[in-house]
Amino acid sequence: AVTTGEQASLLATGKLSLVKDGAAVTVDGTAVVGADMQSGNGVVHSIGKVLLPNVVEVAKSSSDFTTLVSAVVKANLVTDLTAAGPFTVFAPTNAAFTKYLGDVNKTFDEVKADKDALAALLKYHVVSGKVMLSAATTSTPASVEGSKLNLEKTGDALTVNGVAVAMADLQSGNGVVHSIETVLTIPVAAPAPTQNIVELATATTLNHLVTALEKAGLKAMFEGTDKYTVFAPTDAAFDAAVAALGEDSLATLLERADLAEILEYHVVAGETKAAALAAGDVMSAQGTNIPVTVDGMKKMVDGAEVTTADVMATNGVVHVINQVMLPPTLVDVLSADAEFSTLVTALTTANLTATFGYTKGGPMYTVFAPTNAAFTALIEGSADIADADALLALPNLADILKYHVVPRIEGAVTQLPSYWTAATLLTTANLTVVDPEEDLIVNGHAMIEHISAGNGDIYKIGAVLMPPPMDSTDGDTDPPMDSTDGDTDPPMDSTDGDTDPVGSGTNGAVGYGLVVVFVAILCRVM
């Protein structure tokens, strides 16, 4: 006669759970639907599904899990883990427990002596629900203990808290077992931070970073209450950057004109922990995007590896990285925009691309960048430039391009004077720049768009600026060539359509300059 209780099966490590309720009988929770079918050597009871050993019995059936089974028994978890479930168990092997005991410097008997702590540790390896390898996803499920696990799925590979699943899908009647080679430890809640980012960097020997922030005038930014995420290069990373940037020493590196731009490229507004860093781009405080790549648990920012993540401060989080990142240069930014392809080709032809890369001292530039349409208009409006090849073959191509570049214009546009002349890289000619409230106008052409780069700024314009020709007799600059008759004429005044005199290249005090100033002042008055 069937009675309620456990009954040994032919599987040496497995027992069946029988429940008798009146005439109804269940075995491991499955109802007997046809009973007492007699045979010559026994009796058959029909059930509606195949019975499988529970997760504990699966563990008992393998010699790799003897330590785990002993721990489960000692922690009084057998009843819990033989219940209906279902459960997903990340089962540490005997070798995993041996390593764990060495890490915590305890014997197995000492670990088993604290039953509550042992039960909590084992429960941290169990998730409610049956998660087969094929159905697993990158996620953070809660364990039966209560703390979360970090699952990462890459192709057919699964890791839990960074530990690879060595053998997956050991199926049981109440769940599934995945074998792992490391005992997972319950995360300990970190104490609330007490240091701001600068204090934290000082305490964690990020000395060069702190010195750099002070040199660049950025230290106070990270001593306040606004939240930031800082990708912090180690001292070794700064030392390596000395040679990479062509500097003689750390001292000269910290005197670079672009130091603030480089440092701001390591900063993101708000607090972003490593787990939230996803593949893609994040906007830096410098104004350009930082590319983020993810390879399993490894996080990379613009090629630099995050070696220590989530160092918390009162005003944000610090991720330590192994190299100094450099924001995209002027040429990088121009090359990434198809609208400047002709300009980039011209810079390459004129051997000027290196000028706008990272060079010793970190010079910063402002580039007034003509679009492809601007170069097309120049070619179509000139009798001397037949096509793009002829443009690139101009003997003064480098001079034309240098005429579009000035030392970086510092400060917001609204803080600049309403009119000034700007010295260009073409030392014989200046640009006339007007600020009628907000948008810059250079040589009468309005800025279309402002774009940030690591070593300067780009102002998109819709015209190619042609430098005034050099007077062969006196060495100064003459008025530009009139394309209609071949002689030198004063430029056309855009306000009335007639021609006006132009100021000399040395003082810019008469003619066109005065007209532009008058127009700017008139705009402000009106």
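Analyst: Helices (H or I, at least four residues) and strands (E, at least two) are DSSP runs, numbered from the N terminus. This is a predicted model, where local features need pLDDT of at least 70 and side-chain atom pairs count only at pLDDT 80 or more, while totals for chains, interfaces and linings use all residues. Residues are numbered from 1 along each chain as its sequence is written, and side-chain values use heavy atoms, with hydrogens and water left out.

User: What about E12 and E18, parallel or antiparallel?
Analyst: Parallel, over six bridges. There, Phe231 stands opposite His319 of E18.

User: How many residues of E18 are buried?
Analyst: Six of the six residues of strand E18 (residues 316-321), so the strand is largely enclosed by the rest of the structure. Buried means under 20% relative accessible area, exposed is over 50%, and partly exposed is in between (1.4 Å probe, protein chains only).

User: Which way do the E18 residues point?
Analyst: Gly316, Val318 and Val320 point one way, Val317, His319 and Ile321 the other way, and all are buried. In a regular strand, side chains alternate between the two faces of the sheet.

User: New topic: how many salt bridges are there?
Analyst: A search of the whole structure finds 11. A salt bridge is a side-chain nitrogen of Lys or Arg within 4 Å of a carboxyl oxygen of Asp or Glu. One of them joins Lys227 and Glu271, with the closest N and O atoms 3.7 Å apart.

User: Where do Lys227 and Glu271 lie?
Analyst: Lys227 is in the loop between helix H8 (207-215) and strand E12 (228-233), and Glu271 in the loop between strand E13 (267-269) and strand E14 (280-283), so the pair ties together parts that are 44 residues apart in sequence. Lys227 is partly exposed at 39% relative accessibility, and Glu271 is partly exposed at 37%.

User: Is Lys460 buried or exposed?
Analyst: Buried, with a relative accessible area of 7%, whereas Glu449 is partly exposed at 35%.

Methods:
Two strands pair if DSSP finds at least two bridges between them.
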